[in-house]
Amino acid sequence: NGLKEGMKNMFKKMGIRKFIKEIDKDIKVKFQKYDMECDIFEEIVYIGKPYDKENDRRFGEFVKELNPACDAPVFLLSILHEVGHIMTYEEDALKEKDFLYAAIDLKLQSGEDEEECVKEYFRIPLEKAATEWAIDFAMSNPQLIEKYKWLCR
């Protein structure tokens, strides 16, 4: 059973890599044990292992708020969101994000509601721009989304 799981994992990684390469062949893909993130300057998307059901739910709600017609799977939208950071990068927005993120982190540390803090994080202009890019890409490329839905199983 461990072998079967390992094969499934390997195929999924290959699929994720192919999905990102179909968006932009120059973006590199690396896998890590924690969250999804990206290195804008090196153009690397890092795919994390654990999936946080709570944050996936929150992200899905935010996507619906921005575009109720978008029904792409949250996992694919999360990958597209990271690619979106590379596609929408602006230096000033990055500086602003650092400041706003620090403010949200302070609120969280002082015991403010996590749900509200996460919603505020999604609305940081740099984060919102990446999500809007992800939604636009998914809506403009339904065949590609359909082709890679198997990655969400």
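How are helix 1 and helix 3 oriented to each other? In this predicted model, helix 1 (residues 2-23) and helix 3 (residues 74-87) pack at an angle of about 45 degrees, with their axes 11 Å apart, and the two helices are therefore oblique to each other. Their crossing is right-handed. On the side of helix 1, the contact is made by Lys-12, Ile-16, Phe-19, Ile-20 and Ile-23, which meet Phe-75, Leu-76, Ile-79, Leu-80, Val-83 and Met-87 in helix 3. By class, this contact of helix 1 with helix 3 has 10 nonpolar residues, no polar residues and 1 charged residue.

Helix 3 also packs against helix 6, at an angle of about 115 degrees and with the axes 7 Å apart, and this crossing, too, is right-handed. Here Leu-77, Leu-80, His-81, Val-83, Gly-84, His-85 and Met-87 in helix 3 meet a set of residues in helix 6 that includes Leu-126, Trp-133, Ile-135 and Phe-137. The residues of the contact of helix 3 with helix 6 divide into 11 nonpolar, 4 polar and 1 charged.

A further pairing joins helix 2 and helix 5, which pack at an angle of about 50 degrees with their axes 11 Å apart and are therefore oblique to each other; the crossing of helix 2 and helix 5 is right-handed. In helix 2, Glu-54, Asn-55, Arg-57, Arg-58, Phe-59, Glu-61 and Phe-62 meet Glu-114, Glu-115, Val-118 and Phe-122 in helix 5, and the residues of this contact divide into 4 nonpolar, 1 polar and 6 charged.

| Helix pair | Angle | Axis separation |
|---|---|---|
| Helix 1 and helix 3 | about 45 degrees | 11 Å |
| Helix 3 and helix 6 | about 115 degrees | 7 Å |
| Helix 2 and helix 5 | about 50 degrees | 11 Å |

The lining of the largest pocket divides by class into 18 nonpolar, 7 polar and 10 charged residues.

Key. Residues are numbered from 1 along each chain as its sequence is written. This is a predicted model: local features need pLDDT of at least 70, side-chain atom pairs count only at pLDDT 80 or more; totals for chains, interfaces and linings use all residues. Side-chain values use heavy atoms; hydrogens and water are left out. Axes are lines fitted to C-alpha atoms, for helices over the stretch in contact, and angles run from 0 to 180 degrees between N-to-C directions. Helices (H or I, at least four residues) and strands (E, at least two) are DSSP runs, numbered from the N terminus. Angles under 35 degrees count as roughly parallel, over 145 as roughly antiparallel, 65 to 115 as roughly perpendicular and the rest as oblique. A crossing is left-handed if the near helix is turned anticlockwise from the far one by less than a right angle, and right-handed if clockwise. Contact means heavy atoms within 4.5 Å. Ala, Val, Leu, Ile, Met, Phe, Trp, Tyr, Cys and Pro count as nonpolar, Asp, Glu, Lys and Arg as charged, and the others, Gly among them, as polar.
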